[in-house]
Amino acid sequence: MNINEAFPSAYINAAALNGQKHTVEIERFDRECEMPDGSVKPGVYFKDRRAGLILNRTNATVLESILGQETDSWVGKCIELRTEKVNFQGQMVDGVRVAPATAATAAAQSTKDKTKPAPAFIEEDDDVPF
């Protein structure tokens, strides 16, 4: 058993990603996630995940650059979570970083999207043998 599994958290950390990339769909943005020290930070929560991600300035800026400034428009969008060595208080540690979802992942997500409208018309091709 991984010792980190013995202490479940409401928030995703680098250990929870287990060194792998994870594609997630944003379910909601929360401006006021309470931290253990009583401070409040913004965070995002994901579909099919019980834990959210507290946003630091770096990850918030990356999300803004790929998804736009309006957090309401982030809902339903896919991003990738991965670990990366980061400088924290003078030490290099594993941290969580966000990135755009790959094109293949985004395409797979759009085929699962039940809210996607049907095309206005279907062009028929008489040369296709049925």
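This report goes from the overall fold to a pocket and then to some aromatic residues.

## The overall picture

Please keep in mind that this is a predicted model. The chain has 3 helices and 5 strands.

The chain has 130 residues, and buried residues make up 28% of them.

## The largest pocket

Rolling a probe the size of a water molecule over the atoms shows where empty space is left. The largest pocket here has a volume of about 640 Å³. It is lined by 22 residues, and Ile12, Asn13, Ile54, Asn56 and Val96 are the closest to its centre.

Which elements give two or more residues to this lining? They are strand 3 (53–54), helix 2 (57–67), strand 4 (78–88) and strand 5 (91–100). Strand 5 gives the most, with 5 residues. Sorted by class, the lining holds 12 nonpolar, 7 polar and 3 charged residues.

## A pair of aromatic rings

A pair of aromatic rings is described by the distance of the centres and the angle of the planes. Searching the whole structure turns up 1 aromatic pair. The partners are phenylalanine 29 and tryptophan 74: their ring centres are 5.7 Å apart and their planes stand at 85°, so the pair is edge-to-face.

Phenylalanine 29 belongs to strand 1 (residues 22–34), while tryptophan 74 is in the loop between helix 2 and strand 4, so the pair ties together parts that are 45 residues apart in sequence. Are the two partners buried or exposed? Phenylalanine 29 counts as partly exposed because its relative accessibility is 26%, whereas tryptophan 74, at 4%, counts as buried.

## Around tyrosine 45

Tyrosine 45 has its place in strand 2 (residues 40–46). Its relative accessibility is 13%, so tyrosine 45 counts as buried. The charged end of arginine 28 sits over the ring of tyrosine 45, 3.9 Å from the ring's centre.

Tyrosine 45 and phenylalanine 29 are 16 residues apart in sequence, and their C-alpha atoms are 6.4 Å apart in space. Leaving out residues up to four places away in sequence, tyrosine 45 touches several others, including Tyr11, Glu25, Arg28, Cys33 and Gly52.

Note on methods. Residues numbered from 1 in each chain as written. Predicted model: local features only at pLDDT ≥ 70, side-chain atom pairs only at ≥ 80, totals over all residues. Heavy atoms only, no water. 1 Å grid on protein atoms, 1.4 Å probe; cavity = no way out; pocket = protein on both sides within 12 Å on 5 of 7 lines; lining within 4 Å. Points joined across faces, edges and corners; volume = space filled by probe spheres on them. Helix = DSSP H or I, 4+ residues; strand = E, 2+ residues; numbered from the N terminus. Nonpolar A, V, L, I, M, F, W, Y, C, P; charged D, E, K, R; others polar. Phe/Tyr/Trp six-rings, centres within 6.5 Å; stacked < 30°, edge-to-face > 60°. Buried < 20%, exposed > 50% of the residue type's maximum accessible area, 1.4 Å probe, protein only. Lys NZ or Arg CZ within 6 Å of the ring centre and 35° of its normal. Contact = heavy atoms within 4.5 Å.
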